[in-house]
Amino acid sequence: MSNYLKIGEFSQLMQTTVKTLRLYEQRGLLMPAKVDDFTGYRYYTVDQMQRLNSIRSLKNLGFSLDEIRDLFDDDNHVPDSDCVADKLSRTEAQITALIERRNLLQKWLDSRLKFEKMEKFTIEPLPKIIVASHRRIIENYDALGPLCYQVIGPEMQRLGCKCSQPGYCFTVEHTTEYRPTDIDIEYCEQVEEALADSTLIKFKTLEAVPTALCVKHKGPYREFYRSYTEAFRFIEQQGYRIVGQPRASYIDGPWNQDDEATYLSIIQIPVEKI
């Protein structure tokens, strides 16, 4: 005759929550040995302890509850060698994916820390890169954010672009004089390889820039003029001259910030010593 244990007793002895036991019951993995018709109390037996231990062991090996139920349905609580080999292969693939994710997160963190520690002005080279480019007339600077993540981003994804990590995107203004509206702007984002052009995206290679003044800018894009004022003063005082079109590189913006005062950008101006 079996000794019946109330669900609370069974839970305590097996160090498993009642919530988990109810979940296993719902999934057909561990049914109570008896349910009182009047009270609804659930009872378990000592024999079910081993079944719960088997479930716990298989979960630790990475088997899902559905996979464990299938094993129990086949009256086989131990997976065969093919099943284990398949689980091992998938586990190794997950490890590889996690390592790649870790490396990517580290790159993002390093990039972010580098930006946060960056002085207001630095002189750095800009490497040769391949970019996906989109040029158009925008109504004003506020239209730049929606253009990037509502138009350009989806098109790049459709084309199968593989962006460099951490990402590097910037704009170049082709307007020859200041305009608060109708701005001729080109958006560029670094990619791993050039693909076939589309009506929206063109691919091109930008040669390396040996020396560029990099200026950290915090705030709305329409206030870039503040940083440009400081940059041109620095260029004049330090004996440089401009030898290429300035870039505005975007670190943090409307795609994940609600307050434009927290936008982070870097203005990059190709220069050389006079």
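**Stop one: a salt bridge to start**

Select E25 and R42: their side chains meet in a salt bridge, 2.7 Å from N to O. That term means a side-chain nitrogen of Lys or Arg within 4 Å of a carboxyl oxygen of Asp or Glu. E25 sits in helix α2 (residues 18-26) and R42 in strand β3 (residues 42-44), so the pair ties together parts 17 residues apart in sequence. Helices (H or I, at least four residues) and strands (E, at least two) are DSSP runs, numbered from the N terminus.

Before you click on, note that this is a predicted model, where local features need pLDDT of at least 70 and side-chain atom pairs count only at pLDDT 80 or more, while totals for chains, interfaces and linings use all residues. Residues are numbered from 1 along each chain as its sequence is written, and side-chain values use heavy atoms, with hydrogens and water left out.

Is E25 buried or exposed? E25 is buried, at 16% relative accessible area, while R42 is partly exposed at 22%. Here buried means under 20% relative accessible area, exposed means over 50%, and partly exposed is in between (1.4 Å probe, protein chains only).

The salt-bridge count comes to 14. Pick E67 and R90 next; their side chains form one at 3.3 Å, N to O. This pair links distant parts of the chain, with E67 in helix α4 (residues 65-73) and R90 in helix α5 (residues 81-117), 23 residues apart. E67 is partly exposed, with a relative accessible area of 24%, and R90 is also partly exposed, at 41%.

Now jump to E260 and R222, a salt bridge whose closest N and O atoms are 2.5 Å apart. E260 is in the loop between β11 and β12, R222 is in the loop between β9 (209-218) and α7, and 38 residues separate these distant parts of the chain.

**Stop three: strand β11**

Select residues 247-252, which make up strand β11. Five of its six residues are buried, so β11 is largely enclosed by the rest of the structure. Strands count as paired if DSSP finds at least two bridges between them. β11 pairs with strand β6 (residues 169-173) in the antiparallel sense over two bridges; look for T171, whose bridge partner in β11 is A248. Five bridges join β11 to strand β12 (residues 264-273), also antiparallel, and R247 stands opposite Q268 in β12.

**Stop four: a pocket and a cavity**

On a 1 Å grid over the protein atoms alone, a cavity is a set of points where a 1.4 Å probe fits but cannot get out; a pocket is an open set with protein on both sides within 12 Å along at least five of seven lines, and lining residues have an atom within 4 Å of a point. Grid points are joined across faces, edges and corners, and a volume is the space filled by probe spheres set on the points.

Show Y141, E173, Y178, F224 and Y228: of the 22 residues lining the second largest pocket, these lie nearest its centre. That pocket holds about 550 Å³ of space. Helix α7 (224-237) gives the largest share of its lining, four residues.

Finish with L144, G145, C148, Y221, Y250 and W255, which line the largest cavity. Its volume is about 30 Å³, and three of its lining residues, the largest share, come from helix α6 (residues 144-159).
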